[in-house]
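I'd like to walk you through one protein structure, piece by piece, so please have a look at it while I talk.

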Amino acid sequence: MADAQINYLGPIPEALTFRDERKPWWRRLPVGFLMVVALPTMLAMIYYLLIATPRYVSEARFIVRASNQSQPSAIGVALQGVGLSTTQSDAFAVHEYIKSRDSLREMGRRFDVAAMLNPPGADAFSRYPRPWDSRSEEGLYKGFNRFVVVGYDATTGISTLRVEAFRAEDSRLLSQALLAGGEQLVNRLNDRAVGDAVSEAMMARDEARAKLTAVQQQLTGFRNRQGFIDPELSARESSSLIGGLMATVARLRADRSQLAGEAPQSPQLTILDGRIAAYEREIAAERTKVAGASTSLAAQVGVYTDLELQRELADRELTQTTASLLAAQQEARRQKLYLDRIVNPNLPDKPTQPRRWIAILTVLASTVLIYGVGWLVWAGVREHRQD
């Protein structure tokens, strides 16, 4: 029995022709590429080429130095980042002050900083405040830091200050004000360093001077009460006088002895005896003045010697404290900081920010990179599903 055969004589169905029907051009575009790369780049071009307000940049360079301090090397600055010990440059203190709230508050007393950062015609994404910023002191501080950049070159020790503004004169005024604030900070640091280093030495010098003055006043009062300048000198004079009197008595005794041997009945013997007795009484009186009584020179010499010793010690202490004060002042002078302007803030004649094409190319490169990474991830996920 033969198999039945059916023959179709009608038109060929389109499903069996395998003709490739072309899709519309908008359906052939990669949606992911458009969303991730093309759209952000287009928005960046619209903003930077049509909307972004040009900004002027005033640049200044300065150095903070001390007479006995060298600038840190590049290795030293690198070691600071990993916590190893090295000398911290005083320039960083000035950098921190320039970007601080104190600096902004000081400038606010001289300028209307908020008005400088929000002139008429400035675009909403560059000025202060931006749509998402708050009109507060903290918001102004954050907005102000977007316009100020401070850098440090570790190889030369030179700091660079860059201030942006929507007007050229505003950028220079703000830069000059920030440098003036940095100079005032350095002066305050100098005053504090001098005060800390010298104040204690000065107090010790003043105490030694007061002590010496008090001892000298006591010594002067003692001399006025006793009626002589130097009791030791008076004691030496009395000792010399006693020695002379005793020599005279010895000579008189010798004369009397000789006279008594030659003429025992001579009336001169009585005269010599009287003279000898008078000299002996004078010797006893002088000895009483020198020692043996509460008012004698010996007691006064003790008081005077003690006062002289106190005066000598106080004078030595004053000399030492004065030398210490001079040394402290010299050391503070050697450690004094200086902020030297190498390049004063300039008045820009054309805006240099934003760098429009660099910003656009940066957005393009970033989005292409993101798209490439995303495409690779999606391709891996899809291949994993097929397996």
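Predicted model: local features only at pLDDT ≥ 70, side-chain atom pairs only at ≥ 80, totals over all residues.

Let's start with a pair of helices. The axes of helix 5, residues 101-108, and helix 7, residues 137-145, come within 10 Å and cross at roughly 100°. An angle from 65 to 115 degrees counts as roughly perpendicular, so helix 5 is roughly perpendicular to helix 7. Which residues make the contact? From helix 5 we have Arg101, Leu104, Arg105 and Met107. From helix 7 there are Glu137, Glu138, Leu140, Tyr141 and Phe144. Sorted by class, this contact has five nonpolar residues, four charged ones and no polar ones.

**The whole chain**

Now let's step back. The protein chain has 387 residues, and 29% of them count as buried. It holds 12 helices and four strands. The chain exposes about 25200 Å², and carbon and sulfur atoms supply 57% of that area. If you take the contacts in the chain with a separation of 6 or more, 77% of them come from residues 24 or more positions apart.

Let's follow strand 1, residues 56-66. Strand 1 pairs with strand 3, residues 158-165, in the antiparallel sense over seven bridges. To find one spot in that pairing, look for Ser58, which stands opposite Val163 in strand 3. Strand 1 also pairs with strand 4, residues 337-343, again in the antiparallel sense, over six bridges. There, Ala66 has Leu337 of strand 4 as its bridge partner.

Now go to strand 2 and pick out Val148. Is Val148 buried or exposed? Its relative accessibility is 1%, so Val148 counts as buried. Leaving out neighbours within four places in sequence, Val148 is in contact with Ile98, Lys99, Leu161, Arg162 and Leu178. For Val148 and Arg162, which are 14 residues apart along the chain, the C-alpha atoms are separated by 5.9 Å.

**A helix across the sheet**

How many of the eight residues of helix 4 are buried? Six of them are, so helix 4 is largely enclosed by the rest of the structure.

Arg205 sits in helix 8, residues 168-226. Where does Arg205 fall, buried or exposed? With 15% relative accessibility, Arg205 counts as buried, because the cut-off for buried is under 20%. Beyond residues up to four places away in sequence, Arg205 touches Leu318, Thr321, Thr322 and Leu325.

Then there is Lys142, back in helix 7. Lys142 has a relative accessible area of 55% and is exposed, because exposed means over 50%. The C-alpha atoms of Lys142 and Pro129 are separated by 9.7 Å, and these two residues are 13 apart along the chain.

**Two cis peptide bonds**

Pro129 takes us to my last topic. In general, most peptide bonds are trans. Which residues are joined by a cis bond here? Tyr128 and Pro129 are, with omega about 0°. Pro129 is in the loop between helix 6, residues 113-116, and helix 7. The peptide bond from Gln353 to Pro354 is cis too, with omega near -5°. You will find Pro354 in the loop between strand 4 and helix 12, residues 356-386.

Notes. Residues numbered from 1 in each chain as written. Heavy atoms only, no water. Helix = DSSP H or I, 4+ residues; strand = E, 2+ residues; numbered from the N terminus. Buried < 20%, exposed > 50% of the residue type's maximum accessible area, 1.4 Å probe, protein only. Contact = heavy atoms within 4.5 Å. Areas by Shrake-Rupley, 256 points an atom, 1.4 Å probe, with all protein chains shown as cover. Axes fitted to C-alpha atoms, helices over the stretch in contact; angles between N-to-C directions. Parallel < 35°, antiparallel > 145°, perpendicular 65-115°, else oblique. Nonpolar A, V, L, I, M, F, W, Y, C, P; charged D, E, K, R; others polar. Pairing = 2+ DSSP bridges.
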